Amino acid sequence: MFYPKTPFLGKAALLESEILKVHSAALPQLLPWLCQTPRTTTYRVNTLHSSVTEFKQKLESILSFKYGPAAPKVYGLPELPEILCIAPLDSTTVAAYDDTHKQIIVDTSCGAALLRGAHIYAPGVLAMETGTQLRELVNVFADLPGKCKRGTTTRYECEQKIFLGVGEVLMQRHQLYNNTEQAPTGIAVQMKWNMSGVPALGDLSSEAAMLQNLPSIVCVRVLAPQPGERILDMCAAPGNKTSHIAELMRNEGIVIALDNSASRLRAMQSKLEHYSCIVCHHFDATKACHVDASPESNRPPFPPNSFDRILLDAPCSGLGNRPQLCCSIKQPKVLESYPHIQRRLMTQAVQLLRPGGVLVYSTCTVTEAECEELVAWTLRKFPQLQLVEATPKLGAAALPLPELSPTLCELLQRFGPDLDTVGFFIAKFQKL
Ligand SMILES: C[S@@+](CC[C@H](N)C(=O)[O-])C[C@H]1O[C@@H](n2cnc3c(N)ncnc32)[C@H](O)[C@@H]1O
């Protein structure tokens, strides 16, 4: 059965050569890992609202209702008291491929979500064969080349379609494609199992807990926000780390959350409105520092030395968002563009941090340019910053560069092959 071994279709070689320029020998291991799915599901419990024990019981009862004695284990981690992990299903729960089923086609981003345990919502169904009945079991495939037309009635033949798993049909063709008055909503195909072995639970996020990748949870723990502090989250939307910061502060102090995308900010604001310590602003963080700004105001811009801690969870190429079935970045110049914005944001962050304050830089990517090289550039450009150990440490050491010694790399965290997580990078600095 076909499965991609690189996130890049077509111009693969050009893009691949941009990822690890110094450690290019590690690419043959990195590229297929980017295409594969993290198999452990993680939830972060909102400890202001719920207890970890309560949410664990809820997960266990949902899993045992769905999988009976084969229900996977739910467990915590000592380093992250607010996390709950759901183990993958064991291989016997994943049935064999059955060619007699009809087929459903989805695009690659829907396919990636599905491999991480999602169901298929109505807009995600690209093709459903004529005659497919309610409650029928179907084989689900992702269309890697993106050539399947929406509403296709016949079996879509393509060598590069990826078999994802088996689902049960909850909506028929006429509900999906013939409704001219209203776009269809809701679950169209409920997944029975998927090829990654991740339990197909959909997203169980609520006020009590949020579906969140493990390295993102580690990242805010590394920032170590304290009650009563003044904290800046420079690139905050959709606000997942912002809410975690507020929870660790017990909602005491102030968290200023900036984002330059109006639509992402709006969605974030409605999600965060019950945290009284969070203030959100639609603002370009590359202009967040101004010498004449008022030190009393919680509106940007802010004067230098304004914050106890800053999170710079930077816009990045996002290659760590596994599984990458077909990366949307098609040009090397797009990859090359990210370090420019990351440096501009870093420059502002350094000015805004008070002496003695802590700055965490993170990305959900794996390129040397956006991770280790960005750290090396920061240390060169801002001698007032020193790297400090990013703990709790659940990632591996970073990749050494001519300007970044193995000793410094031990202070950083790179989530890469050998770990069952998304790709991620964390650096923690302190201002002297
Ligand atoms: C990696 S995402 C942040 C994810 C977020 N921290 C979380 O955990 O939910 C990067 C964000 O940076 C925002 N962004 C990009 N350029 C920006 C800028 N110049 N100023 C502020 N935000 C920016 C994007 O809109 C995007 O929402």
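The structure is a predicted model, and its chain has an average pLDDT of 96, with 99% of the residues scoring at least 70. For the complex, the predictor reports an ipTM of 0.99 and a pTM of 0.97.

Helix α6, formed by residues 214-223, is largely enclosed by the rest of the structure, because 9 of its 10 residues are buried. The buried residues of α6 comprise L214, P215, S216, I217, V218, C219, V220, V222 and L223. The helix is followed by A224, which has a positive phi, near 55 degrees.

An unreviewed UniProt entry carries the annotation "binding site" for C235, A236, A237, P238, G239, N240, K241, D259, D292 and D313. These positions span 79 residues in sequence, and their farthest two C-alpha atoms are 31.4 Å apart, so they do not all gather at one spot.

Two of the annotated positions, G239 and D313, were examined individually. G239 is located in the loop that lies between β11 (230-233) and α7 (240-248). With a relative accessibility of 0%, G239 counts as buried. When neighbours within four places in sequence are set aside, G239 is in contact with M268 and L272.

D313, by contrast, belongs to a strand, β14, which covers residues 307-313. Its relative accessibility is 18%; since the limit for a buried residue is under 20%, D313 also counts as buried. Beyond its neighbours within four places in sequence, D313 is in contact with C235, K241, S362, T363 and F424. With one of these residues, K241, the contact involves both side chains: the side chain of D313 makes a polar contact with that of K241 at 2.7 Å.

In the side chain of R264, an N or O atom is 2.7 Å from an oxygen atom of the ligand. At D284, a polar side-chain atom lies 2.9 Å from a nitrogen atom of the ligand. For N240, a polar backbone atom is involved, at 3.0 Å from an oxygen atom of the ligand. The ligand taken alone exposes 610 Å², of which the protein buries 86%.

Methods: Residues numbered from 1 in each chain as written. Predicted model: local features only at pLDDT ≥ 70, side-chain atom pairs only at ≥ 80, totals over all residues. Heavy atoms only, no water. pLDDT = per-residue confidence, 0-100. Buried < 20%, exposed > 50% of the residue type's maximum accessible area, 1.4 Å probe, protein only. Helix = DSSP H or I, 4+ residues; strand = E, 2+ residues; numbered from the N terminus. UniProt positions renumbered as here; feature names shortened; annotations may be inferred. Contact = heavy atoms within 4.5 Å. Polar contact = N/O pair within 3.5 Å; in protein donor to acceptor, adjacent residues only side chain to side chain. Areas by Shrake-Rupley, 256 points an atom, 1.4 Å probe, with all protein chains shown as cover.
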